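User: I have a structure open and a few things to ask about it. Can we go through it piece by piece?
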Amino acid sequence: MNAAGVIRPTRAEVSTAPRGGHPGGALMQDEPLIFELGGWDRTGIDFPGEPTGADMGASDLAGLTRAAPPVLPGLSEPETVRHYVRLSQKNHAIDLALYPLGSCTMKHNPRLNEKLARLPGFLDIHPLQPVSTVQGALALMDTLAHWLKTLAGMPAIALSPKAGAHGELCGLLAIRAAHEARGDGRKTVLVPTSAHGTNPATAALAGYAVVEIAQTADGHVDLTDLAGKLHPDVAAVMVTNPNTCGLFERDVIEIARLTHAAGAYFYCDGANFNAIVGRVRPGDLGIDAMHINLHKTFSTPHGGGGPGAGPVVLSAALAAFAPVPWIVHVGGRFDLIEQATGAAEAALGRMCAFHGQMGMYVRALAYMMSHGADGLRQVAEDAVLNANYVKARLAGSMTQPFPIGPCMHEALFDDRWLEGTGVTTLDFAKAMIDAGFHPMTMYFPLVVHGAMLIEPTETEPRRELDRFCDALLELAAAVRAGDVERFKGAPFSAPLRRLDETLAARRPRLRWTAE
Amino acid sequence: MRYLPLSDTDRAEMLAVIGASDIDTLFADVPAAARLAAPVDLPAHAGEMAVERALGVLAARNRPAGAGPFFCGAGAYRHHVPASVDHLIQRSEFLTSYTPYQPEIAQGTLQSLFEFQTQVAVLTGLPTANASMYDGSTACAEAVMMAARVTRRRKAVLSGGLHPHYAEATRTFAHSAGVDVRRLAAAIDAEDAVVPAIDGQTACVVVQTPNVFGAVTDVTAIAAAAHAAGALLIVVTTEAISFGLLKSPGEMGADIAVAEGQSIGNGLNFGGPYVGLFACREALTRQAPGRLCGETVDAEGRRGFVLTLSTREQHIRRDKATSNICTNSGLCALAFTIHMTLLGGTGLAELARINHARARALRAALAAVSGVEVVTPRFFNEFTIRVPRPAADVVEALARRDIIAGVPVSRLDPGAGMDDLLLVCATEMTTREDIDDFAEALAVELAV
């Protein structure tokens with residue numbers, strides 16, 4: 001133990017460090033950092049017959065080279081494999097159990113998609129090799145674009161954004177470019193109070209002032225408030241649909257009409273497209289731009305926090321402003337327009353180096369082709385069915401802010417039922433870990449007190465939904481029985497107990513250092 | 001349908017529990033005018049074999065780097081990735097987990113991010129690194145925005161040696177935020193023009209080394225000039241293997257270092273997904289974009305890791321956030337960390353020397369070709385040659401001989417008047433035979 005009171009496992013302690021008697025700890029090892037495993041002058045890679053340091057004598061890089069190798073440990077392959085497998089066992093994953101994070105869409109990731117993304121013809125091609133040698137890759141991107149445009153009912157697309165928030169920025173920059181092309185310097189974007197944090201953050205990054213739109217008592221955009229704020233300085237209205245309360249904005253066509261009448265564009269946050277894919281085309285709702293999270297609706301793996309992909313579908317009014325690169329089909333072959341000149345003169349610029357997330361495109365297209373037009377529609381229906389089933393099964397024990405009518409793909413609860421029990425939303429969620437489940441999204445949307453947002457997705461069998469609902473009902477009964485201790489200290493059976501996040505922020509320790 | 005577990009019986013019984021007569025009832029809020037009565041006009045569902053066959057056909061219409069001589073670099077590099085790296089990142093617990101918001105059940109992701117941050121900090125020679133960005137180019141754009149916030153100035157100077165895609169992405173981000181981006185003229189030795197462009201309004205100077213033409217520069221003097229003017233120095237590196245051989249950005253005085261981390265652990269992937277590295281001086285940490293992983297303790301005093309300093313981030317700060325970034329490039333960062341763990345500092349240094357040696361061998365072979373001039377004086381593993389014809393034509397001609405000869409500068413920067421320049425790269429994957437084949441084919445082609 002060091003001065004700060006932190007127990008630092010050392011090599012000698014790995015197999016003997018106490019696990020506090022927590023159930024579930026059998027065969028699980030406490031695992032030091034790689035920096036505590038030694039190997040400072042070693043490497044786990046063989047380079048036989050290669051030039052050594054002595055051969056560098058003749059280099060013309062004198063004065064530009066570092067005095068010594070970077071001070072980082074190297075581990076042999078068996079040590080490395082064991083280290084990261086041990087670490088992996090401390091993670092929850094969708095492959096282990098239902099992962100009910102509302103707004104995040106944790107659904108099964110088909111392994112076929114992983115296999116296809118690793119074909120040398122996709123994995124081992126360079127973004128700047130001659131286009132004549134990557135016609136298959138461009139055809140794949142063009143096909144993906146066709147599927148996304150058809151599902152969205154919109155005529156144009158920018159594939160390159162690398163994540164949802166990056167797609168939001170792309171959409172808003174297209175809107176900005178469209179206004180600027182008319183010499184219109186609008187400065188405001190309207191965002192509902194229930195929006196994802198990325199919406200106002202993106203609007204600010206795109207140079208706009210953010211004005212919030214109120215929400216009605218039943219969880220929808222307040223049309224009166226919207227109409228009152230749609231003055232000539234408004235560049236865009238950003239609405240999530242289905243919204244973050246898990247409800248379809250039933251007035252969406254009117255929102256579009258009001259927005260367009262004010263000379264503004266209608267941006268849709270497509271994070272929840274999985275609830276309506278194949279049943280509703282956003283283009284039919286009057287939307288001008290919408291990002292599609294391929295890692296949500298089209299099931300590319302979340303990977304512990306990325307990489308994602310956020311292509312943006314665009315209306316005819318915004319098509320000319322799409323960022324480069326553009327894929328074009330000329331004379332029976334595909335080509336890339338990589339400069340914002342000539343045909344792409346109006347393009348808003350470039351969102352990133354190269355052409356976007358090819359590895360994610362392969363996976364998403366494989367997912368779409370596997371489901372087909374019929375299956376994608378079934379995806380939306382089963383996602384909505386599963387959420388409503390959870391909502392129905394839990395409705396008797398937990399309170400809902402918007403109990404009337406069905407939800408879309410996620411069921412939203414609040415914390416009124418916890419009032420006076422001494423248990424908070426956070427406590428309840430942490431106790432779910434001991435019951436074998438990842439917590440739901442908590443305290444979001446911000447407009448609902450103590451929010452608990454549950455998104456089961458369409459890839460959960462009914463058996464798993466029942467297991468999940470049974471576990472939550474049992475926990476809810478324990479709350480009512482006054483078993484507060486079960487919640488206050490939870491989780492008890494996870495690899496670690498609750499972590500001190502205040503300490504982490506007050507005294508940031510963001511890297512390992514030798515003590 | 002193989003990914004959808006519900007049976008029709010399940011669906012009927014669940015609708016009964018819900019109290020809905022049919023599935024359409026659950027979509028009642030959708031305006032009637034927008035309800036699709038039938039599936040959209042796309043093919044119906046396909047079996048695993050059919051999908052594999054269809055995408056296999058598309059894959060076969062591309063020429064993989066490994067299929068023959070290959071010399072492209074310019075921001076994306078072909079390196080060997082050990083088999084264990086891809087095996088480990090495909091572990092379900094890494095591949096199919098979410099952003100680690102619940103640290104008690106995400107220590108695997110969090111501890112590996114802490115290791116990643118430490119590795120990036122050491123490689124860049126700076127105290128703090130974040131948990132990764134989308135890629136090098138967006139990391140560069142975010143760094144410029146950060147510098148504008150820190151200095152409260154609105155002008156950024158980009159060296160003419162910065163990768164044109166990075167410059168364009170930065171300009172695109174900065175334009176709407178009101179940051180004026182001045183990109184200096186492209187030149188092999190573009191860094192020489194940077195210091196005179198710095199003035200009292202400059203928020204930051206962005207310099208790439210090795211630069212987009214492959215030239216390696218010591219930026220220490222640029223750092224001094226930037227700091228004297230109250231500006232920050234952002235050093236960009238597109239080839240992370242170079243950290244094994246060259247002076248680190250921190251050692252040369254960088255305030256922020258950004259890099260493309262693809263070379264370590266990640267394949268070419270036609271340009272993405274990649275992993276952006278972002279490191280900075282300690283005093284700037286609270287202005288940094290993106291996720292940060294920090295050490296703390298659990299309720300029993302045991303060490304653990306959490307995402308921290310999140311008051312910078314969009315989900316807390318909304319329109320006052322330091323960035324709109326929500327995700328990072330988690331799995332690519334994990335691949336980086338695992339590969340880097342196998343390499344260690346000494347392995348990276350050796351790999352870097354091998355890369356440099358291969359590039360010198362390539363220089364010797366190409367310099368001997370009549371009509372070819374090597375124009376990059378001091379380079380790491382890529383350099384620029386001048387050919388007596390448009391480089392794009394030469395590349396096309398060699399592609400017909402199944403040699404992928406490199407990247408014509410005109411493809412990156414058509415307006416620079418550098419149509420006769422060709423960027424070529426060699427790595428540990430480049431064999432003696434590849435080099436000889438290239439030189440021989442180039443000689444034949446230029447003799448025509």
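User: Which residue just after α9(B) takes a positive phi?
Analyst: B:Gly230, with a phi of about 80°. Helices and strands here are DSSP runs (H or I, at least four residues, for helices; E, at least two, for strands), numbered from the N terminus.

User: Before I go on, what kind of model is this?
Analyst: This is a predicted model, in which local features need pLDDT of at least 70, side-chain atom pairs count only at pLDDT 80 or more, and totals for chains, interfaces and linings use all residues. Residues are numbered from 1 along each chain as its sequence is written, and chains are lettered from A and ligands numbered from 1 in the order in which they are written.

User: What is the mean pLDDT of chain B?
Analyst: The mean is 97, and 100% of the residues of chain B reach 70 or more. pLDDT is the predictor's confidence in each residue, from 0 to 100. For the complex, the predictor gives an ipTM of 0.98 and a pTM of 0.96.

User: Back to α9(B). Which of its residues are buried?
Analyst: In this helix, residues 220-228, B:Ile222, B:Ala223, B:Ala225 and B:Ala226 are buried. Buried means that 20 or more other C-beta atoms lie within 10 Å of the residue's own, with C-beta atoms placed from the backbone. These residues are on the same side of α9(B), because they cover an arc of only 165° around the axis. The arc is that of the directions from the helix axis to the C-beta atoms.

User: What covers them?
Analyst: The cover includes β4 (202-208) and β5 (232-237) of chain B.

User: And β6(B), why is it largely enclosed?
Analyst: Five of the five residues of this strand, 256-260, are buried, so the rest of the structure largely encloses it. B:Ile256, B:Val258 and B:Glu260 lie on one side, B:Ala257 and B:Ala259 on the other.

User: How many bridges join it to β5(B)?
Analyst: Four, and the two strands run parallel; B:Ile234 has B:Ile256 as its bridge partner. Strands pair if DSSP finds at least two bridges between them. Five bridges join β6(B) to β7 (residues 276-280) of chain B, and these run antiparallel. In β7(B), B:Leu277 stands opposite B:Ala259.

User: Different topic. How many residues does each chain give to the contact?
Analyst: Chain B gives 172 residues and chain A gives 179. Two residues are in contact if their C-beta atoms, placed from the backbone, lie within 7 Å. On the side of chain B, helix α11 (residues 330-367) gives the most, with 20 residues.

Technical notes. Buried ≥ 20, exposed ≤ 12 C-beta atoms within 10 Å, placed from the backbone.
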